[in-house]
Amino acid sequence: MNPKSYNVLFICTHNSARSIMAEALLNHVAPAHFKAFSAGSQPRGEVHPLALQTLERMSIQAEQARSKSWEEFAAPDAPAMDFVFTVCDNAAGEVCPVWPGQPMTAHWGVPDPSDMRGSEEIQAKAFWECAVTLKRRIDLMLALPLASLDKLALQREITDIGRR
């Protein structure tokens, strides 16, 4: 018997760094049972080069990454999401579309590494720290006994992960 497969959407306002990295990280570490996507309320239209460089440093392929609107995932023919995570504070405060299938939602806010000013080294460090935080949260989610938790317990657990 095949275990359930889950669709996960990571949302950030511009869908250029944090949500892109989260999508690539989850698809890398759990390709058999999870399919990750990312989107933004006001997509920038391009992926931040340091996000791609950070993923490359982690040996994660992301050449298919693209900045896109969350409207793609609210359409009737969009894949039904099981989880929707906001990874920036701006997106968490926005009125989101109604997601088909009533997915579990949580806020996993991470500081925007593209806001970091300073040398290339300082900026690269901010992207690295963001990716490590997202990876830790993804690992914590993957360690949950998803099939055995009731909906309220699962909601509590994924919300708590965003505070770590």
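A salt bridge is defined here as a side-chain nitrogen of Lys or Arg lying within 4 Å of a carboxyl oxygen of Asp or Glu. The structure is a predicted model, in which local features need pLDDT of at least 70 and side-chain atom pairs count only at pLDDT 80 or more, while totals for chains, interfaces and linings use all residues. Residues are numbered from 1 along each chain as its sequence is written, and side-chain values use heavy atoms, with hydrogens and water left out.

Under the salt-bridge criterion, seven salt bridges were counted. One of them joins the side chains of Glu23 and Lys68, with an N to O distance of 3.8 Å. Helices (H or I, at least four residues) and strands (E, at least two) are DSSP runs, numbered from the N terminus. Because Glu23 lies in helix 1 and Lys68 in the loop between helix 2 and strand 3, this pair ties together parts that are 45 residues apart in sequence. Both Glu23 and Lys68 are buried, where buried means under 20% relative accessible area, exposed over 50%, and partly exposed in between (1.4 Å probe, protein chains only).

A salt bridge is also formed by Asp82 and Lys4, whose closest N and O atoms are 3.4 Å apart. Asp82 is placed in the loop between helix 2 (49-57) and strand 3 (83-86), and Lys4 in the segment before strand 1 (6-11), 78 residues apart. Lys4 is partly exposed, at a relative accessible area of 47%. In a further salt bridge, the side chains of Asp112 and Arg18 meet at 3.5 Å, N to O. Asp112 belongs to the loop between strand 4 (104-107) and helix 4 (120-142) and Arg18 to helix 1 (residues 18-29), so parts 94 residues apart in sequence are tied together. Arg18 is buried, with 8% relative accessibility.

Ser38 is located in strand 2 (residues 34-39) and is buried at 0% relative accessibility. Its side chain makes a polar contact of 2.9 Å with the side chain of Asn15; such a contact is a pair of N or O atoms within 3.5 Å, and within protein one must be able to donate a hydrogen and the other to accept it, residues adjacent in sequence counting only if both atoms are side-chain atoms. Neighbours within four places in sequence aside, Ser38 is in contact (heavy atoms within 4.5 Å) with residues including Glu23 and Lys68.

With a disulfide taken as a pair of cysteine sulfur atoms within 2.5 Å, the count was zero. Cys12 is in no disulfide, the nearest cysteine sulfur, that of Cys88, being 3.1 Å away.
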